Amino acid sequence: MASATLLLGCQASKPHYESLNDYPVKTGSAKEVNYTPQQTKFSLWSPNADSVKLNIYETQAAEEPLQQLWLKRRNDGSWTATVKGDQKGKFYTFLVFDPAGTYEREETPGIFATAVGVNGRRGAIIDMRQTDPQGWSSDQRPAMNRQADAIIYELHHRDYSIHPSSGVQNSGKFLALTEYGTVSPEGLATGIDHLRELGVTHVQILPSYDYGSIDETRLADNRYNWGYDPVNYNVPEGSYSTDPYNPECRIREFKQMILALHKAGIRVILDVVYNHTYDVAHSNFTQTVPGYFYRTREDGSLGNASGCGNETASERPMMRKFMLESIRWWAEEYHLDGFRFDLMAIHDIPTMNAIRAMLDEIDPTILLYGEGWAAETPQLDEALRPVKANCLHMPGIGAFCDELRDGLRGPFYDDHVGAFLAGLPGNEQSIRFGIVGAIEHPGVDLSKVNYSHQPWALQPSQLISYVSCHDDMMLTDRLRASVKPAAKKQKQIDDEQLMRLDKLAQTVVLTSQGLPFLWNGEELMRDKKGVHNSYCSPDSINAIDWTLKARNKDLCNYYAGLIAMRKAHPAFRLGDAELVRNHLTFIDSPDCTVVFRLANHAGGDV
Ligand code: CA
């Protein structure tokens, strides 16, 4: 006979923590939802909470919950509940009640929602496998032997395909990169075919997780943002999907994009922004465990190394676990092939090395690099910061080379000051430093390099070689602002000179031993009307006009030619510091020139 006694789970009593450093780390997965058709399990990490309530909603717009449950405390600081039956299609939030009861919390989908409704306000219960597009299970990363073979093209979904001249139907969406056969009005390839024609091996997409600056309920407003304002880190952004209200749609369409790019032989790098959140008061971190995920100064105020009002604390065990599992989620669930860390120097070296070790287990050709600087000084010991110089302590992790960038175009602090491209002497050693890949090399006089007086790379493929990216002016605008025209009566350099300088700049980038990196539209001689920071500028500034391709076909072909040359000659991508020292020599040459030779069958080249 079945027992009539209902055995209630024994709930752990509330522990006392002296400080948040004593909080236990959640065991098992950082994800809060585990769906099966039989039941859905919820678990939220919030060690200092008094209680946690789960709301289940029939729809994302429903005002009243269908069901509410009190979660049970566990010893690892998490709170759990199981809801029986098939919950697919429903929505959920957590509401945390804090110890003092003084802090008014808002409902949150948790820190690790993997599916959300519009604007990411409520979590969605879905079957992840039903978001897989046809052919997803057999999707493979395009072949790549070594990281040194990468040629990276950075693009923004909206820049790339929003202009009518792109010929793309799903303009500004993830699906834009799934459309084959799109052409400009002149019949030249655009979209994914343009990428294939150029020959790049990787695209780096600007932030594509759920971010906060675009209202997904008002997409007809045609607002623009780069997306450096994270809300839900583990869900694709809704405004790039065709239906942000449908939680499966953004996930499926993101995967369709990856699948199409992989079929085209192109790998995909995600720009990730773990260093700060859109805001603090309303963030999922604050609604879950206030204070834990952000660094503070000695006076208790928030650190602001991001320049966006806050900085996260990667050195705290649960934030580190969060970042590791988030990267794993994108690499495994979405088949991503690389990660570009925004303001990487805000994080900490052990976390970055742990991410590299984890990625090596998944696939050692997955790229990992970032900005080796912060906007302001982080609230963390200098020795622990993943700044450029500390790439020496982070094998397999790369950084952008501002020595080369500014040696070519001029310093970051003044758009009107030129450098090598403006014909100014004194930048030759900075160019050399970039060409060898920031490694120790007898041909580089480090005392004359603009920013670094020591090598900062162990291997040349740790260096990202570039002259422009989404930040700052386009190369065209910068050259117009900083290069004096030959004739006195000219106000600016003419297009012919501009194109010659553009070619020279990218010749340096694409013959460097680092990983070359191009910003979308430079090959078309696009400009941004001189705008320095176009993060929220309208389409009239940011959209690529594809009719430029016919006008500047010569430049576009030149880029493709440089890429083809690099691919044909392993001498340009030796991938090993000792090989670079053995095979690359600089030849003395007049001021304002740099000459180097790759000899003795470098890299097996003929
Ligand atoms: Ca969003």
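**Close-up views of a predicted model**

View 1. Cys 556 is buried, at 3% relative accessibility. A disulfide is a covalent bond between the sulfur atoms of two cysteines. The structure holds 0 disulfides. Cys 308 is in none either: its nearest cysteine sulfur belongs to Cys 536, 12 Å away. A disulfide needs the two sulfur atoms within 2.5 Å. Cys 308 is partly exposed, with a relative accessible area of 41%.

View 2. The structure holds 38 aromatic pairs. Phe 42 belongs to strand E2 (residues 39–45) and Phe 94 to strand E7 (residues 91–97). The two residues are 52 residues apart, so the pair links distant parts of the chain. Phe 42 is buried, at 1% relative accessibility. Phe 94 is buried too, with a relative accessible area of 0%.

View 3. The rings of Phe 400 and Phe 517 sit 5.1 Å apart, centre to centre. The angle between their planes is 85°, an edge-to-face arrangement.

**View 4. Charges over tyrosine rings.** Two sites are shown. Arg 122 places its charged end over the ring of Tyr 57, 3.5 Å from the ring centre. Lys 255 lies over the face of Tyr 334. For Lys 255, the distance to the ring centre is 5.6 Å.

View 5. Tyr 413 is in the loop between helix H7 (402–409) and helix H8 (428–436). Tyr 413 is exposed, with a relative accessible area of 62%.

**View 6. Thr 242 and Gly 172.** Thr 242 is placed in the loop between strand E12 (230–236) and helix H3 (247–263). At 42% relative accessibility, Thr 242 is partly exposed. Thr 242 and Gly 172 are 70 residues apart along the chain. Their C-alpha atoms are separated by 9.7 Å.

**View 7. Positive phi at Asp 472 and Asn 600.** Neither residue is a glycine. At Asp 472, phi is near 65°. Asp 472 is in the loop between strand E17 (463–465) and helix H9 (475–482). Is Asp 472 buried or exposed? Asp 472 counts as buried, because its relative accessibility is 16% and buried means under 20%. At Asn 600, phi is about 55°. Asn 600 lies in the segment after strand E20 (595–598). Asn 600 is exposed, with a relative accessible area of 60%.

Note on methods:
Residues numbered from 1 in each chain as written. Predicted model: local features only at pLDDT ≥ 70, side-chain atom pairs only at ≥ 80, totals over all residues. Heavy atoms only, no water. Buried < 20%, exposed > 50% of the residue type's maximum accessible area, 1.4 Å probe, protein only. Phe/Tyr/Trp six-rings, centres within 6.5 Å; stacked < 30°, edge-to-face > 60°. Helix = DSSP H or I, 4+ residues; strand = E, 2+ residues; numbered from the N terminus. Lys NZ or Arg CZ within 6 Å of the ring centre and 35° of its normal.
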